[in-house]
2 protein chains.
Amino acid sequence: MSTATYTVKGMTCGHCVSSVKEEVSEVAGVTNVEVDLATGLLTVNSDGPVAPAKITAAVEEAGYEVANQ
Amino acid sequence: MSTATYTVKGMTCGHCVSSVKEEVSEVAGVTNVEVDLATGLLTVNSDGPVAPAKITAAVEEAGYEVANQ
């Protein structure tokens, strides 16, 4: 069980949150995704470690950006 | 053919625009809906006059508000 956090830029409303959750949830190994609109905090739980590049790609697929860690 | 305009408050992104367009498009008689995110301008084309209350209700159904005219 792994947990990783990212900061997502550009989300403005609940629809944005839903889009990010949907895309990140589809990444292999991901078991749970939480997104806080106000802070942009994205928390990803997974069975094992997931390459950050895969999460970043999913966020971009949704139309947003991950802030530099 | 009638055209009416409204100002919608609270839209922050393209998803919001889509939600408003979808709900307003479902109002009986409405033939075309345009929404400008930057200004909040909602333009409704219809076969004949449509009660403003029906448009306002559709906007609220989408989760937004029509500014006082």
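Let me start with one residue: Val8(B) counts as buried, at 6% relative accessibility. Buried means under 20% relative accessible area, exposed means over 50%, and partly exposed lies in between, with a 1.4 Å probe and protein chains only.

Before I go on, the ground rules. This is a predicted model, where local features need pLDDT of at least 70, side-chain atom pairs count only at pLDDT 80 or more, and totals for chains, interfaces and linings use all residues. Residues are numbered from 1 along each chain as its sequence is written, chains are lettered from A and ligands numbered from 1 in the order in which they are written, and side-chain values use heavy atoms, with hydrogens and water left out.

Back to Val8(B). It lies in strand S1 of chain B. Helices (H or I, at least four residues) and strands (E, at least two) are DSSP runs, numbered from the N terminus. What does Val8(B) touch, not counting residues up to four places away in sequence? The list is Val20(B), Gly40(B), Leu42(B), Val59(B), Tyr64(B), Glu65(B) and Val66(B). Contact here means heavy atoms within 4.5 Å. Val8(B) and Ala67(B) are 59 residues apart along the chain, yet their C-alpha atoms are separated by 5.9 Å.

Glu65(B) was on that list. It sits in strand S4 of chain B. Its relative accessible area is 46%, so Glu65(B) is partly exposed. Leaving aside neighbours within four places in sequence, Glu65(B) is in contact with Thr7(B), Val8(B), Lys9(B) and Val59(B). From Glu65(B) to Met11(B) is 54 residues in sequence and 9.0 Å in space, C-alpha to C-alpha.

One more strand residue. Asn45(B) lies in strand S3 of chain B. Asn45(B) is buried, with a relative accessible area of 13%. Its side chain makes a polar contact with the side chain of Thr3(B), at 2.8 Å. A polar contact is a pair of N or O atoms within 3.5 Å; within protein, one must be able to donate a hydrogen and the other to accept it, and residues adjacent in sequence count only if both atoms are side-chain atoms. Contacts of Asn45(B), not counting residues up to four places away in sequence, include Met1(B), Ser2(B), Gly29(B) and Val30(B).

Now helix H2 of chain B, residues 52–62. Ile55(B), Ala58(B), Val59(B) and Ala62(B) are its buried residues. Seen down the axis of H2(B), they fall within an arc of 100°, so they line one face of the helix. That arc is taken from the directions from the helix axis to the C-beta atoms. Why does such spacing work? An α-helix has 3.6 residues a turn, so residues three or four places apart point the same way. On the other side of H2(B), Ala53(B) and Glu61(B) are exposed. The cover over the buried residues includes strands S1, S2, S3 and S4 and helix H1 of chain B. After H2(B) comes Gly63(B), with a positive phi near 105°.

Over to chain A. In helix H2(A), Ile55(A), Ala58(A), Val59(A) and Ala62(A) are buried. Exposed Ala53(A) and Glu61(A) are on the face turned away from that buried side. Take Ala58(A), which counts as buried at 7% relative accessibility. Ala58(A) touches Glu23(A), Val24(A) and Val27(A), not counting residues up to four places away in sequence.

At 17% relative accessibility, Ser19(A) counts as buried. Leaving aside neighbours within four places in sequence, its contacts are Ala62(A), Tyr64(A) and, from chain B, His15(B).

Last, the interface itself. Six residues from chain B and six residues from chain A take part. How much area is buried between chain B and chain A? About 420 Å², and carbon and sulfur atoms give 57% of it. Buried area is the accessible area (1.4 Å probe) that two parts lose on being put together, summed over both. Thr12(B), Cys13(B) and His15(B) supply 78% of the area that chain B buries against chain A, more than any other three residues. Three residue pairs are in polar contact between the chains, both residues at pLDDT 80 or more.
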